[in-house]
Structure formats: structure tokens, C-alpha cells
Amino acid sequence: MIAATAIREKIRKKIFIAVMVITAVLTLLLSTGSTTITVGGEPLTGFGIMMSVVFTVMHAVSCVMAVVISLGTIPAEYERRTHHLILTRGVSQARYHGQLTLANVGASLISHAVFMAGAAVYMISQGHASDLHRLLCAYVISGISIAAVSCLSSALSLTMGKLPAGLIAGTVTLAGITAPLLKTAQSMAGGFAGKLLGAALFVLPDLNSIQSAAAKLITGGKTEMHPIFTGLFYTYIFVMIIMIYKRKADKE
Amino acid sequence: MLKINRITKRFKEKCAVNGLSFSVEKGEVFALLGSNGAGKTTTIKMILGLLHPDEGTIALDKGVTTGYSPDTPYFPPFLTGRETLEYYGAVSGMKKAERRKQAGELLSLVGLEDSKTKVSRYSKGMIQRLAVAQSLLGDPDLLILDEPTAGLDAMGRIEMIQLIARLKKAGKTIVLNSHILGDIEQVCDRGIIMKNGTVLTEWDKSADNGGRTLQEIFIETIGGIE
């Protein structure tokens, strides 16, 4: 009940209007056929390549949206003192924070679904309506990375101020999305910097690999299971932090 | 029903409540009085279990349940009054049929029968009355009302005081925190005047107060208008 009400509140926020507008613009651009994406001056052609690019972009935007959506929920409950009316009803902090995190994940997945609806329109416009079930499976897989980002943002917002939580969540998400670039930088850097990047890549969730595994479902490639389980493991760790961490209900 | 025995609460260097003791009997309306920073809200939070005293004990009679109406209530603006009560009923673990029944009865009690109006369209007074209604869910034995008339206009205050008087008549035990001495005098039986986390004096409406009003007692006790 707490989660359902929190989701209802979330999807009324302006952020969801932004999600709708971004989706509409991206979908319109892609579906008109007038848009070309170039890499090194060479235009990308073919449905498979274009779909991979579209999926990568939409996954990245969804991850950023998950941070934005999830960051404010728990602090807002404490600022508005809504928690008084919940915690005095015998609801434990673990259950309360768990429900709010569930709302964050739910709202983030709804936002991701809106983006995926844009991708679906693109698929249909390209004559690939019969492959929509693949997009649905890809949505489920990529949803793991969205859930991980949402849980991370929720956990950070519970344990520290909104600004540091946002900075850390944003940095981790950016690093996760651009993991291949960091791997390239690591091999180029060497020395201490290389070791530092290597350590960061080892610790941070590789969101790009989850997205790649999901994208391969659409384009018919072989999907690797390892990134999916790693994503689930990270989500589990973040949820555990949320459930175990005891926030001071009131300071004065 | 409620016994507070020498409770102390410190926040770093500041002592918000210092060796506070009082008791509330069944069926009475008890007032917590004092200027800002006197320790009233900290005391309420400790009674509710939101804060734990560093020293002393808070004892509620066995099986006593509490309801709480906050000073600045916030409710999801997209819900109606009925939906809000049903939501908090569900959070309390009430069955669907029971929370529906109680929501209707409580909305009627606080004069918010219009079930279609969203909370976003409620006035401050209506939100305060809704806050009192949610505190009554599950028919608690002890009601804790924190500044229920704060920010209300004259009509809103009158309606709230009438509501508290109705609850008193219905036999509810109430702990009331308010700055408005006239309101306290109308509905409360006893109370304490606090300063710096301690009790300066106890007030009893039925006792011989030497013909002084509560306001006069308050000013004398606190030491002039601050």
C-alpha cells in the first residue's frame, strides 16, 4: 500500500512529463526515417545496428531517470514528516524503506517502459512488429540494471544527504553505462591510474554489459548470463543495505 | 493511563527534556504548555516511540493504543479524504471492510463527508481535521494532538475545539500540545507548563487558581512576556 501510493505520487511529478516528451521526440526522430546516426563519419544503416544504438541510448537515459526519480523519495518522507504517521503505526523502518524503494524501482521501470514504448513504435515503423516479444524480453533484462541504479540511489539517499547521494549515484551510473570506455582507458593508462580504474571497474556495476545482453535479445545475438546475475547481485546488496540501515527517525 | 517518570533527552550539548515527570489519567484532556523550545514536541515524540529517552521511563497501561495527529500534517494531495483514511487504515493492518466503515464514520465525525474532494483542494482547517480523523483510526485509547489549531483561522479553530470537545465527551484520553491558551482552557482538564525541558508548574482547571486565568498563570510562571 505504501509503495502503491508512493508510485502514484511519483508518476504525477514533472519528471514524468519530461520522460514523455523525450520519448516522443526520440520516437518521432527515429520513425520519420530522416535521422541518420554516424560513427566516424560513416552512417549506420540496417535495423539491427540502429536498434542497438536506440536501445543503448534509451537504456542510458532510463538509468539517469532512475537516479533522478529515486533520489528524493526517502528524504522527502522525512522532510515532510510523513514517516511519523507510518512508524507510529508499528511499521518497521526496514519495511517502510523497503516499500519506498519498491516505489522507486516501480516508477523507474514505468519510465523505462515509456522509453521502450518509443523503441516499439520504431520497430513497428521499420516493419519488425513480429519481433516485439524480443523487445519485451530485452525490457525485462535491462530492467535489472534500472532496478540496480534505483536501489543504489535509494540506499544512498537513505544514508547521506541528497547532494552527495546524487553525486555518487550519478558517477556510479555514468561509470556503469560507459564501462567499455573505462576499460579502454584502463588499458591505455597503465600504472597507478590503470590500477585505480581497474579497481573501480571491479567494484562498480557494469550496466553496459546488462544493456548489451538485453540488446542481443532484440538483434538475435547470443545473450551472456553473467552480467544479468551480476546485476541481480548488486540489486540484492543495495536492498540489503536499505533493509539493515537504521535511520534516526528524528533529530530533535 | 500514561506515566512519565523523570525522562531526559539530550541532543549533543543541548538538553531538550530534563527530568520531566507527569501522568495522564483515563478520560482526561491533558495539556502540554510552554514557549517554543520548551521540549513539548520532544516529549510527544518520546511518548510515540519516535525518540528514546536517555534517562527515565515512559509507561503506558497494558494494551493502551495511541493515535497521533502531527502539527504540520502532509497527506498525498491526489487522494480524497476517504482514500487517505483507507490508506492509513491499510498501513495499520486493518481489513478492507473495517477501514471502509471507519473511514466513513470518522469523516462524518470531523465534518468531511464530501468524499470526492481531493486533499489538494482542502483548506488548512480541513487538513487538520483529517489529521485528527486518521489519528482516530482503530479507535485508540490515547490521542496525542500536536498543535491541532496551528495556522487555522478563527472558524477553523472553533471547529477544531468543538471536535476535541466531542472527543472528550466520547471518553477519549487526549494529550494536547498547543500554544493557544484560550483553546487549552476551553477543553483541557489539567496540564503542565514547561520551560527548558522541565515542569515549571502544574495547572488544574478544577483547582483553586485564585481567580486567575490560564493566560495569567502562564505569564507569571514563564516570567513575563518573552
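Visitor: In which strand of chain B is Ala16(B) found?
Guide: The model is predicted: local features need pLDDT of at least 70, side-chain atom pairs count only at pLDDT 80 or more, and totals for chains, interfaces and linings use all residues. Residues are numbered from 1 along each chain as its sequence is written, while chains are lettered from A and ligands numbered from 1 in the order in which they are written. Strands (E, at least two residues) and helices (H or I, at least four) are DSSP runs, numbered from the N terminus. Residues 14-24 of chain B form the strand that holds Ala16(B), namely β2.

Visitor: Why does Ala16(B) count as buried?
Guide: A residue is buried if 20 or more other C-beta atoms, placed from the backbone, lie within 10 Å of its own. Ala16(B) counts as buried because its C-beta neighbours inside 10 Å number 23.

Visitor: How many residues of α1(B) are buried?
Guide: The buried residues of α1(B) include Lys40(B), Ile44(B) and Leu48(B). The helix is largely enclosed by the rest of the structure, because the buried count is nine of the nine.

Visitor: Which helix supplies the largest share of the side of chain B that touches chain A?
Guide: Residues are in contact if their C-beta atoms, placed from the backbone, lie within 7 Å. The contact takes 20 residues from chain B and 20 residues from chain A. On the chain B side, α1 (40-48) and α2 (81-91) each supply at least two residues. The largest share, four residues, comes from α2(B).

How values were computed:
Two residues are in contact if their C-beta atoms, placed from the backbone, lie within 7 Å. A residue is buried if 20 or more other C-beta atoms lie within 10 Å of its own, exposed if 12 or fewer, and partly exposed in between; C-beta atoms are placed from the backbone.
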